[in-house]
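I opened the model today to look up a metal site and the strands around it. My notes follow in the order in which I checked things.

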Amino acid sequence: MKLSPLILLALIVPSLCSGFGNPAKKDTASAMVVYDAQVSFLPQADFSSNYYNEIIDSLVMLDTVPVSLVNQLSIYKTLASKKEVELPAVIDSIFDSREVTQTSLNAVNIFMAAIERAVVKPTGFELYIPLDDSPYPANTLYSNWNTQVPNPFRNSLAKFDTTLTLLLVDSLANCGFHTPFDGVVTSRFGWRYGRNHNGIDIDLEVWDPVHSAFPGVVRVARYYKGFGRVVVVRHYNGLETLYAHLHRFKVKPGDIVEAGDIVGLGGSSGNSTGSHLHFEVRFQGVPIKPSQIINFRTNQLRSSVINLRKSGAFLVAVPETREYEVKKGDYLYQVARTFGISVEKLCAMNGLKSTESLKVGQKLIVGT
Ligand SMILES: [Zn+2]
């Protein structure tokens with residue numbers, strides 16, 4: 001459906017001229033955005049059904065009634081009159097009881113994208129770390145809380161005969177990660193000067209704030225040999241991150257930190273020439289190449305889920321892409337709901353328009 005300028009006008013003109021005069025209604029009308037074949041709502045859209053009645057009334061009085069748009073608005077109206085908990089059942093009934101038209105697909109997808117809060121949390125993630133009531137993160141994995149030594153763990157790589165899947169952040173909450181320091185990487189992970197460099201170096205100035213990459217609990221904050229002033233944070237998914245050569249501490253062992261909390265100020269303490277941050281990521285003491293997890297150019301995680309695989313003396317973090325094969329009767333909103341992502345995000349990840357129908361057997365990326 002290509003919206004003609006007439007329809008565009010139909011939405012704008014009534015909101016300004018014909019009985020839509022009071023400010024509250026003007027606000028709701030302005031929340032509707034029409035462009036090309038898409039009708040969408042800004043997040044603050046008011047979904048009261050009176051609003052839809054008024055728009056529909058004004059549309060059906062036009063010389064050329066935009067039937068498809070009226071149908072679409074009728075679906076919004078139906079959805080708007082329901083409580084959030086009733087929505088999944090109502091949507092299912094729309095798809096069960098009627099011929100599923102492009103209009104209804106579009107309407108449901110757009111409506112659900114606008115009220116993202118209705119998306120339920122995913123239950124399919126298998127996290128490697130069992131929860132227990134210890135105050136220390138991933139305690140079942142380590143059963144060791146050493147506040148003195150940054151890496152007291154024996155290299156336990158022999159145990160890694162299977163691939164481990166770790167959830168790095170909660171993709172729905174869109175939080176739980178902060179780059180340790182936004183700066184130029186001056187030395188990478190790997191063999192250097194006849195020994196392994198188990199982290200990366202990021203250039204910084206003395207006193208620059210250094211941030212915890214993920215939420216967790218501070219295990220070490222002390223001066224330790226070549227690391228100088230070093231902070232180690234244990235995270236809930238079992239990873240540990242290490243921040244070395246600090247000039248000042250901003251945390252102490254046992255402190256609970258969120259992603260982005262300042263653990264210290266950058267410097268050049270310990271075995272360091274020039275101020276920089278030495279940053280490590282480890283899992284049970286085994287180093288992981290930080291750039292496999294974090295893109296240091298964009299300061300974003302490469303993926304919210306990683307698979308850890310054994311490779312030589314290291315663990316390799318492989319971003320996990322989750323794929324879903326479309327079954328008969330699937331539709332965008334339902335797939336998005338199943339995997340706990342918004343329709344908008346699902347469309348963006350797959351280069352789809354929210355108006356597109358899914359084909360049986362089509363592969364969709366449903367998470368990274
Ligand atoms: Zn280093």
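I first checked burial, and I find both His 197 and His 278 buried, where buried means under 20% relative accessible area, exposed over 50% and partly exposed in between, with a 1.4 Å probe and protein chains only. I keep in mind that this is a predicted model, in which local features need pLDDT of at least 70 and side-chain atom pairs count only at pLDDT 80 or more, while totals for chains, interfaces and linings use all residues. I number residues from 1 along each chain as its sequence is written, and side-chain values use heavy atoms, with hydrogens and water left out.

Next I looked up the zinc ion, whose protein donors are His 197 (NE2), Asp 201 (OD) and His 278 (ND1), at 1.9 to 2.2 Å from it. Donors here are N, O and S atoms within 2.8 Å of the metal (3.2 Å for Na, K and Ca), and because water is not among the atoms, sites may look incomplete.

I then followed strand β7 (residues 200-203), which runs antiparallel to β14 (residues 276-283) with 4 bridges, pairing being counted if DSSP finds at least two bridges between two strands. Ile 200 has Phe 279 as its bridge partner in β14.

Note on methods:
Helix = DSSP H or I, 4+ residues; strand = E, 2+ residues; numbered from the N terminus.
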